[in-house]
Amino acid sequence: MKIDVLTLFPGMFAGPLDESIIMRARKAGLLDLKLHNLRDWTHDRHKTVDDRPFGGGPGMLLKPEPIFEAVESLRREKTRVILMSPAGRKFDQASARELAQQEDLLFVTGHYEGFDERIRESLADDELSVGDYVLTNGALPVMVVIDAVTRLIPGVLGDDESSQDESFSAGSAGLEYPQYTRPAEFRGMKVPDVLVSGHHAEIEKWRREQAKRRTQERRPDLLE
Ligand code: 4GS
């Protein structure tokens, strides 16, 4: 998969995407990630990317010209152009699965008060939010989406890592059951007897009940 990111802060991406599973995917050629500085598509001395909103109001908006130029030069036939903003549809595991099917993504990150509306109307195929809170810019949201999507690219996770995914399915079936490892007793806290009993059918039943109870208590919305 090819992922391009258009941002004012390419430096923010150094680190999170250079470690662990994401870096392994990049080295294996499963993810081709390229960062682009929006200021490279400005033509004035000050490399201006923002301007004041017509009609007044606080803050600055990302102006259309640099973003249009950048997206038009970066996108190819099958590219899906995605804006990150709190006004987007909420990103979840289903959206991650859907994006993982694409071969070419271009993320445009939000900065300042937002985007000139024409960027939304005629450049973006999709607009995503990572949650109902306000960040200083869209770099972290893009990294969240890239992380969730990359691990779903076939071949990125080893068998061990992906089987773990089956049992944890927040956003579809519910939350995971409680898990324990050794020691069987730690500072007076004991692992539930059933788990050390060796009765596999009982263990399965206990896990199903625990997962259901936990989901009902903490995330009833997942059961709807
Ligand atoms: C989000 C979010 C976000 C909003 C960008 C204020 C700077 C900021 N982007 N999901 N202007 N939540 N963006 O907070 O995607």
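**The ligand site**

A: An oxygen atom of the ligand is 2.9 Å from a backbone N or O atom of L135, a polar contact, that is, a pair of N or O atoms within 3.5 Å; within protein, one atom must be able to donate a hydrogen and the other to accept it, and residues adjacent in sequence count only if both atoms are side-chain atoms. The protein covers 92% of the 370 Å² of accessible area that the ligand has on its own; such areas come from the Shrake-Rupley method with a 1.4 Å probe, and for residues only the protein chains shown count as cover. This is a predicted model, in which local features need pLDDT of at least 70 and side-chain atom pairs count only at pLDDT 80 or more, while totals for chains, interfaces and linings use all residues. Residues are numbered from 1 along each chain as its sequence is written, and side-chain values use heavy atoms, with hydrogens and water left out.

A polar backbone atom of V130 lies 3.0 Å from a nitrogen atom of the ligand. For S85, a backbone N or O atom is 3.5 Å from an oxygen atom of the ligand.

The shell around the ligand comes next. The ligand is surrounded by 16 residues, and the closest are Y112, V130, G131, Y133 and L135; a residue is near a molecule or strand if one of its heavy atoms lies within 4 Å of it. By class, nine residues of the shell are nonpolar, seven are polar and none is charged. Here Ala, Val, Leu, Ile, Met, Phe, Trp, Tyr, Cys and Pro count as nonpolar, Asp, Glu, Lys and Arg as charged, and the others, Gly among them, as polar.

At least two shell residues come from each of β5 (80–90) and β8 (126–129). With three residues, β5 gives the most to the shell. The protein chain has eight helices and 10 strands, where helices (H or I, at least four residues) and strands (E, at least two) are DSSP runs numbered from the N terminus.

As for the chain that holds the site, its C-alpha atoms fill a box of roughly 70 × 40 × 35 Å, taken along the principal axes. Of the 224 residues, 40% count as buried, meaning under 20% relative accessible area, with exposed over 50% and partly exposed in between (1.4 Å probe, protein chains only).
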